[in-house]
Amino acid sequence: MRLATYQREGLRRCGVVEGKEVLPFPEGTDLLDLVGGAPVPATGAPVPLAGVRLLPPLEPPSVRDFVTFEEHVEGVRRSVSGEEGVPDAWYDAPTFYFTNPAALVGAHDDVPVPPGCEVLDFELEVAAVVGRPGGDLTPERAREHIFGYTVFNDWSARDLQSREMQVGLGPCKGKDAAATLGPWLVTADELEPHRDGEGFLRLALTAEVNGEVVGVDLLSNMGWTFEEMLSHASRGTRVRSGDVLGSGTCGNGGCLAELWGRRGRQDPPPLRPGDTVTLTVEGIGTVANTVVPGRAVEPVPGARRRPRDRP
């Protein structure tokens, strides 16, 4: 089943996607409730997908973005710091950071350049959405807690990210402005035929900029399965219905920064207003966002160098 949230004639609705139409659920239905286990209601008369604006499928309580593709880590590390290889610590566990659930945009929404950014990038990912809540899940139990999957584009202000991470914390404003989620939420059962013998989903991934393919990979090249990622995320805590777990960026051109690291130059160049990024995941669908100029905002001053007086 493919579940979408959309806007039509100023109203927010959700429903089941079938072909080129969406069958709406009753007004007031929220996909977050269905993900959490509420009964699926009856649908109404079909609405053409061409006549709606697709919104992010749900408003998640949290978004964890992992980094599970070894090839991506190797290329981006070289681009950002000039260091070679993959840190030993990467192999220990599926690392993630929390990103901004309030910054989600729909499958075809415009994406403004973040304030102060001169080096904008995309990141091709797949996201799993938690269904049943739980804590301290084993990988085996975790499979029952994954409701479905969607395409995820973690837009990245590389210049802001590179500078702020010198402080020793994870990315913040470099990843804070936008993240695409869509075009809809595909229930986990739909993708089971793509699962390989090791538990990975063998889905083809393609990234295009202005119609030119810049990256291709397989989701099964992840270092951990989604079940293992969810198990790790739930250790010592609880995950909630609707929580989003990003796979991390795929390799072989899943983002521009990886290519810059491998080629030693910014080729292709950073994204500019007018560029359209199209990401396609086999079995899920396609999102396509156009970059537009950002807003001019008042900068925050730098830190004052304070005296170190003591009482």
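This is a predicted model: local features need pLDDT of at least 70, side-chain atom pairs count only at pLDDT 80 or more; totals for chains, interfaces and linings use all residues.

Student: What makes the radius of gyration of the protein chain agree with that of a compact globule?

Tutor: The protein chain has 311 residues, for which a compact globule would have a radius of gyration near 19 Å, and because the protein chain has 20 Å, the two agree. The C-alpha atoms fill a box of roughly 65 × 55 × 45 Å along the principal axes. Of the contacts with a separation of 6 or more, 71% are between residues 24 or more positions apart.

Student: Why is Arg143 called partly exposed?

Tutor: Buried requires a value under 20% and exposed a value over 50%; Arg143 has 37% relative accessibility, and therefore counts as partly exposed. Arg143 is found in the loop between α3 (139-142) and β13 (146-154). Leaving out residues up to four places away in sequence, Arg143 touches Glu192, Arg195, Gly199 and Glu227.

Student: How many cavities are there, and what makes a space a cavity and not a pocket?

Tutor: A cavity is a space where a 1.4 Å probe fits but cannot get out, whereas a pocket is open. The count comes to 2 cavities of 30 Å³ or more. The largest cavity has a volume of about 40 Å³, and the second largest cavity has about 30 Å³.

Student: Which residues line the largest cavity, and how do they divide by class?

Tutor: The lining consists of Arg195, Gly199, Phe200, Leu201, Leu219, Met222, Thr225, Phe226 and Glu227. These divide into 5 nonpolar, 2 polar and 2 charged residues. Among them, Arg195, Gly199 and Glu227 are also residues that Arg143 touches.

Student: How do you know that the lining of the second largest cavity has no polar and no charged residues?

Tutor: The second largest cavity is lined by Val111, Pro112, Pro114, Leu120, Trp155, Ala177 and Ala178. Because Val, Pro, Leu, Trp and Ala count as nonpolar, the lining has 7 nonpolar residues, with no polar and no charged ones.

Student: What is the volume of the largest pocket, and which residues are the closest to its centre?

Tutor: The largest pocket has a volume of about 760 Å³. It is lined by 28 residues, of which Val67, Val73, Val76, Gln161 and Met165 are the closest to its centre. Two or more lining residues come from each of β6 (63-66), α2 (70-81), β7 (96-99) and α4 (158-164), and α2 gives the most, with 6 residues. By class, the lining has 12 nonpolar, 8 polar and 8 charged residues.

Student: What can be said about the volume and the lining of the second largest pocket?

Tutor: About 490 Å³ of space lies in this second pocket. Its lining has 16 residues, and the closest to the centre are Pro114, Pro115, Leu160, Lys173 and Ala177. Both β9 (111-112) and α4 supply at least two residues of this lining, which divides into 10 nonpolar, 2 polar and 4 charged residues. Pro114 and Ala177 from that group are also in the lining of the second largest cavity.

Methods:
Residues are numbered from 1 along each chain as its sequence is written. Side-chain values use heavy atoms; hydrogens and water are left out. On a 1 Å grid over the protein atoms alone, a cavity is a set of points where a 1.4 Å probe fits but cannot get out, and a pocket is an open set with protein on both sides within 12 Å along at least five of seven lines; lining residues have an atom within 4 Å of a point. Grid points are joined across faces, edges and corners, and a volume is the space filled by probe spheres set on the points. Helices (H or I, at least four residues) and strands (E, at least two) are DSSP runs, numbered from the N terminus. The radius of gyration is taken over C-alpha atoms; the globule rule is 2.2 Å times the number of residues to the power 0.38. Contact means heavy atoms within 4.5 Å. Buried means under 20% relative accessible area, exposed over 50%, partly exposed in between (1.4 Å probe, protein chains only).
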